[in-house]
Amino acid sequence: MCGIVGYVGAKQAVPVLLQGLYKLEYRGYDSAGVALLEQGALRVIKTRGRIKNLEELTRQQGPFSATCGIGHTRWATHGEPSDINAHPHVSGNGRVALVHNGIIENYLELREMLKKAGFTIQTQTDSEVVAHLFQMHYRGDVVQALRETVKHLRGSYALGVITADAPDQLVCTRRDNPLIIGVGEGENMIASDIPAILALTKRYIVLSDNQIARITAGGVEVTDELGTPVEPRVETVTWDVAAAEKGGYEHFMMKEIFEQPKAVRDTIAPRLRDGLPALEEEGLSDELFRNVRNIHITACGSALHAGLVGKQVIERLARVPVMAQVASEFRYCDPIIGPEDLCIVISQSGETADTLAALREAKRKGAKVIAIVNVVSSSAAREADGVLYTWAGPEIAVATTKAYSAQLAALYLIAVRAGMARGTLSRQQALDICAHIAGLPRQIEETLACRAQMQHLASLYANRHSVFFIGRGTDHTACQEASLKLKEISYVHSEAYAAGELKHGTISLIEPGTLVVALACEPALVEKTVSNIKAVKARGASVILVTNDDALREDPEICDHLVRVPRCPAVLSPSLSIVPMQLLAYYVSVMRGCDVDKPRNLAKSVTVE
């Protein structure tokens, strides 16, 4: 959530900053602004609403000659979305401008201290205090001023600062919040994520916690929190700017739904050797699996739903207890985890604040930690004992699709390797299931053929106020992700229930016209699920059934609409059954006039608790 950009070079800064901010729209925001070093003074332009509003303001107030500036998209936490609460924030003397992502936990204490020192606080935000602190500590050296400033801060932050007293440079730092430096030729940038720098360069530096960088047109100087120079590692983006564009699709979400076969293939293929998973390079040795007492999976949102599938698959194939828990609760429940346990953290960005906190808690208690992440060199990837990257490429839509599918694929590989190591899967059994895993990209492509059917079904049910998803076993775990997809982008109330639990209370909510979506892709559980479907049908529900069971075609009274997906082993079926659910959510959102890629109140990367 929130996005930072900064530029220093020979180009006019305003177009570069606006372009970078547009590339960060997916992170979620409700206001935007820029600060420019213009003819020895600061110019700040900011507004509530979309970046296009900011762009219009810069057009009206320009032209500008500034070649150094910072920009920001704010997702409101402290204080309502408004022009005055928008970033950048300016110091009391008007000489310092600052952008901030994260939360300053002790901001109230700092506000009182600053008021007593004679500063006037103009906003409701926690971020403004940092600009005033910087002014207090500035004695001619911007790096030293920033170093002294952050000593007063508790919480998480990524900070970008410019000052009229040093018009040819910007400084930045971070703690528990993502920030990268784009390294160009005679120009450099800072940004919250890679898409914002791609128009300028593919080379970047990932700033580590507590490091401070001084950035000029000619170079980047990095020091640690004590002031010791650090030689930063320069990385290169392996995908091009086209990967972060819509490519002819109306929305990023639809593009990413159709990129799922490639994302799954790219995640699986490098790790299958002679038909079996090879995960030693990721830190997952057979010895680890043989000796592990328990496996803990922790994540948030869709990543947690992938983890819930992973729990079932690992337990079935490797016969080891697996606990899957939401990361925001993990460290607060004093988890029973220690050196004999493995903790798997899952995060698309690798910067999710709650997931990072869970990772650190698991490590503090001595557990081995493996991260499943999509972003190379992210915080989770750097801090875990091992990392299994999902090669899904950039995912721009807030509602995840291809990253989720890639996470499932990674978990399948872990489950098979664990089963082999623990002797619960024979070599031949492992080869057989890996052949099915390798075939998932082709089967996902086949499943995508239901696009027109799901568009039609969306047209029939887009006006429903409440939807229920039911299933058993892995179907139930897939239902949880299906329900989230619908509610987060279409704002339709939806719930996912284990089908057998309907009679314990939930069936009281079923009335004529209620839409129930049933998933039945576990052969051993299909008959039980059908009984539950008939119970809701008897009470007037409209039923969409997603299944791979050919026998269900023989009874037209089971459901109102039948959606077929290819057959595969039951443990892998969530990779296929989720595809029509993603399409249904997408088309319902479109038909309800919602902002598909940027749903209200949501952010792509949740970097605060």
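Contact here means heavy atoms within 4.5 Å, and buried means under 20% relative accessible area, with exposed over 50% and partly exposed in between (1.4 Å probe, protein chains only). This is a predicted model, in which local features need pLDDT of at least 70 and side-chain atom pairs count only at pLDDT 80 or more, while totals for chains, interfaces and linings use all residues. Residues are numbered from 1 along each chain as its sequence is written, and side-chain values use heavy atoms, with hydrogens and water left out. Helices (H or I, at least four residues) and strands (E, at least two) are DSSP runs, numbered from the N terminus.

- Helix α4, which spans residues 128-137, is mostly covered, since seven of its ten residues are buried.
- The buried residues of α4 are E128, V129, V130, A131, H132, L133 and F134.
- These buried residues pack against β5 (89-90), β6 (96-104), α3 (107-116), α5 (142-150) and β7 (155-163).

**Nonpolar cores**

- A nonpolar core is taken as a set of buried Ala, Val, Leu, Ile, Met, Phe, Trp, Tyr and Cys residues joined through side-chain atoms within 4.5 Å.
- In soluble globular proteins, nonpolar side chains tend to be buried together.
- The largest nonpolar core has 123 residues, of which L284, I295, I314, L342, I414, V416 and M581 touch the most other members; helix α13 (residues 402-422) gives the most to this core, with 13 residues.
- Leaving aside residues up to four places away in sequence, I295 touches I314, V320, P321, V322, M323, L342 and I344.
- Another core, of 26 residues, lies apart from the largest one, and its members include L98, I121, V129 and V161.

- Strand β4 (residues 68-74) is mostly covered, with seven of its seven residues buried.
- From β4, the residues C68, I70, H72 and R74 point one way, whereas G69, G71 and T73 point the other way, and all are buried.
- Two strands are said to pair if DSSP finds at least two bridges between them, and β4 pairs in the antiparallel sense with strand β1 (residues 3-8) over six bridges.
- Strand β2 (residues 31-38) also runs antiparallel to β4, to which six bridges join it.
- I70 in β4 is the bridge partner of G6 and the bridge partner of A35.

**The open five-stranded sheet**

- Strands of a sheet pair through backbone hydrogen bonds, either parallel or antiparallel.
- The open sheet of five strands has the order β24-β23-β25-β26-β27, with parallel pairing.
- At its edges stand β24 (493-498) and β27 (561-564), each with a single partner strand, so one side of each is left without a neighbour in the sheet.
- Neighbouring strands of this sheet are turned by 20 degrees against each other on average, direction ignored.
- Strand β23 (residues 466-471) pairs with strand β25 (residues 515-520) in the parallel sense over four bridges, and V467 stands opposite L515 in β25.
- For the angles that follow, axes are lines fitted to C-alpha atoms, for helices over the stretch in contact, and angles run from 0 to 180 degrees between N-to-C directions.
- Helix α16 (residues 451-461) lies across β25, β26 (542-547) and β27, and runs at about 150 degrees to β27.
- Helix α17 (residues 474-490) lies across β23, β24 and β25, and runs at about 175 degrees to β24.

**Salt bridges**

- A salt bridge is counted where a side-chain nitrogen of Lys or Arg lies within 4 Å of a carboxyl oxygen of Asp or Glu, and by this rule the count comes to 32 salt bridges.
- K255 forms a salt bridge with E259, with the closest N and O atoms 2.6 Å apart; K255 counts as buried at 7% relative accessibility, whereas E259 is partly exposed, with a relative accessible area of 21%.
- E361 forms a salt bridge with R364, with the closest N and O atoms 3.0 Å apart, and because they are three residues apart in helix α11 (residues 353-364), E361 and R364 are separated by about one helical turn.
- E361 is buried, with a relative accessible area of 11%, whereas R364 is exposed, with a relative accessible area of 60%.
- K485 forms a salt bridge with E488, with the closest N and O atoms 2.7 Å apart, and both K485 and E488 are buried.
- Salt bridges that share partners join D334, E361, R364 and K365 into one network.
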